[in-house]
Amino acid sequence: MTEERKNVVKKESRKIKLSILIFVIGNIVFLSACVASVWYGGICIYKFFTKWYLHDWEKFCVLIGFGGLILFFQIIIELFQKGNVPKRYKEISNNTHSELFSIIDNVRQLLNISKPIRVFLVDTASASIFVLPDVQNIIKKPERFLVIGNLLIENLTEEELKAILLHEFAHIVQDEINDTARASSIGLFANSFLSERIEFNANYGPGSLTQTMMILYYAFMDYLCRHIKRHSELLTDELEYEADRIVLQYIGPQIFADALLHIIKLSGKVEIPLSVRKRIERLGVALPAKQEKSSTNGAKIHIHLAHRRHFTPLVDFKYSILLNGKDIGEGNLIKGFTIEKDITHGLYTIEVASYISTLSLKPYIFEADAGYTYHIELDYKHLFWRGWYVVFCKEMKVFNNN
């Protein structure tokens, strides 16, 4: 890694560490404020029942105290939530996949990784090192697991599979990867807490007073998560390139490039993604003139929302579109959007993610077959009594690509 890239990694890593520290301190402050509001609200209630006169601001404190009590328990519950391995991940061992584990042991030996790692199999054409979405990962070193697609095991050559595993295991020896794992844990915490647990009351009154602490907490988490996401993406890009450089110490660039292109083909993608193109160019390998379309696995999805379909909202409103839990683009209620993506045969779930709990979408599940394009038209409605928006699938059209 060049000195310039080392400086970029250190800079982004420092910013993420600072954001994590702000997250910890911020939650301590909010939890303390919750306890204080509940304590003072209790005093005001005691004064009321003992026939003391309560000022209007003391009555407001009682309502805020109720909100503080709710927020306190919700933060505590989310902080101690345990992440689970997805059900579609099947753990495998040396007894059933001896050849794969032989390659893994060789890779661990090359990279001086002494600790064994649990391996999971999934029905895809991908491989990655992952951590469980535990908030405790913010303060402790997260345990890592390997998930690998059976399509890679069945179709890649031994050298290609070794190259891919070298890249993934290279992330384990990168100290900075702990920062991205912690940043991811904060994002998962914010998404689950803010988008599922609490609903806004749009009307001013007792309900809105009890939500005062919650609204302040939303604003804090929204700012922090946007800041962390920006720096985490920059750091992740640099760590990806560094992992590629580690692979080249043991595998030739042509073999590694062939492995990346093979995965693209197995995924049924028509074109090579820009991120993969950049990686192959950095390897010094010439890109193929034209990527052949997969006739067995290829399918497409178009997700569309028309420009300003309704009068509200009046201000810009953005959110993330998730396909099987992965961010595939940004949605906008005012400007509308169109997201196109190449997919393979299988079951898919479309969701939205917003760090502020003013938007939700009931997960839309559909099954894709090879050779078809799935056009999904979205719409939304404004629940005035709750003060938030609900996005839903209005219509799905299926077109034959032949």
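R279 touches H167, E240, Y241, D244, F256 and L260, not counting residues up to four places away in sequence, where contact means heavy atoms within 4.5 Å. The place of R279 is in helix α10, with helices (H or I, at least four residues) and strands (E, at least two) taken as DSSP runs numbered from the N terminus. The model is a predicted one, in which local features need pLDDT of at least 70 and side-chain atom pairs count only at pLDDT 80 or more, while totals for chains, interfaces and linings use all residues. Residues are numbered from 1 along each chain as its sequence is written, and side-chain values use heavy atoms, with hydrogens and water left out.

**Overall make-up**

- The protein contains 10 helices and 13 strands.
- Of the 402 residues in the protein, 47% are buried, where buried means under 20% relative accessible area, exposed means over 50%, and partly exposed lies in between (1.4 Å probe, protein chains only).
- Among contacts between residues at least 6 apart in sequence, 72% join residues at least 24 apart.

- R279 is buried, with a relative accessible area of 15%.
- D244 and R279 form a salt bridge, with the closest N and O atoms 2.9 Å apart; the term requires a side-chain nitrogen of Lys or Arg within 4 Å of a carboxyl oxygen of Asp or Glu.
- Because D244 lies in helix α8 and R279 in helix α10 (residues 274-283), this pair ties together parts that are 35 residues apart in sequence.
- D244 is buried, as is R279.
- E242 and R245 also meet through their side chains in a salt bridge (2.6 Å, N to O), and both lie in helix α8 (residues 212-247), 3 residues apart, which is about one turn of the helix.
- Of these two partners, E242 is buried at a relative accessible area of 13%, whereas R245 is partly exposed at 35%.

**Other salt bridges**

- A search of the whole structure finds 6 salt bridges.
- One of them joins the side chains of E91 and R118 (3.1 Å, N to O), and this pair links distant parts of the chain, with E91 in strand β1 (residues 90-92) and R118 in the loop between α3 and β2 (119-122), 27 residues apart.
- E91 counts as partly exposed at 47% relative accessibility, and R118 likewise counts as partly exposed, at 36%.

**Packing of helix α5 against helix α3**

- Helix α3 (residues 98-110) and helix α5 (residues 158-170) pack at an angle of about 50°, with their axes 10 Å apart; axes are lines fitted to C-alpha atoms, for helices over the stretch in contact, and angles run from 0 to 180 degrees between N-to-C directions.
- The two helices α3 and α5 are therefore oblique to each other, given that angles under 35 degrees count as roughly parallel, over 145 as roughly antiparallel, 65 to 115 as roughly perpendicular and the rest as oblique.
- In this contact, L100, I103, I104, N106, V107, R108 and L110 of α3 meet E158, L161, K162, L165, L166 and F169 of α5.
- The residues of the contact of α3 with α5 divide into 9 nonpolar, 1 polar and 3 charged, where Ala, Val, Leu, Ile, Met, Phe, Trp, Tyr, Cys and Pro count as nonpolar, Asp, Glu, Lys and Arg as charged, and the others, Gly among them, as polar.

**Packing of helix α5 against helix α9**

- The axes of α5 and helix α9 (residues 253-266) come within 8 Å and cross at roughly 90°, and α5 and α9 are therefore roughly perpendicular to each other.
- On the α5 side the contact is made by E159, E160, A163, I164 and H167, and on the α9 side by I255, F256, D258, A259, L260, H262 and I263.
- By class, the contact of α5 with α9 has 7 nonpolar, 2 polar and 3 charged residues.

**N155 and its contacts**

- N155 is found in helix α4 (residues 150-155) and is partly exposed, with a relative accessible area of 34%.
- Leaving aside neighbours within four places in sequence, N155 is in contact with H262 and L266.
- N155 and H262 are 107 residues apart in sequence and 8.5 Å apart in space, C-alpha to C-alpha.
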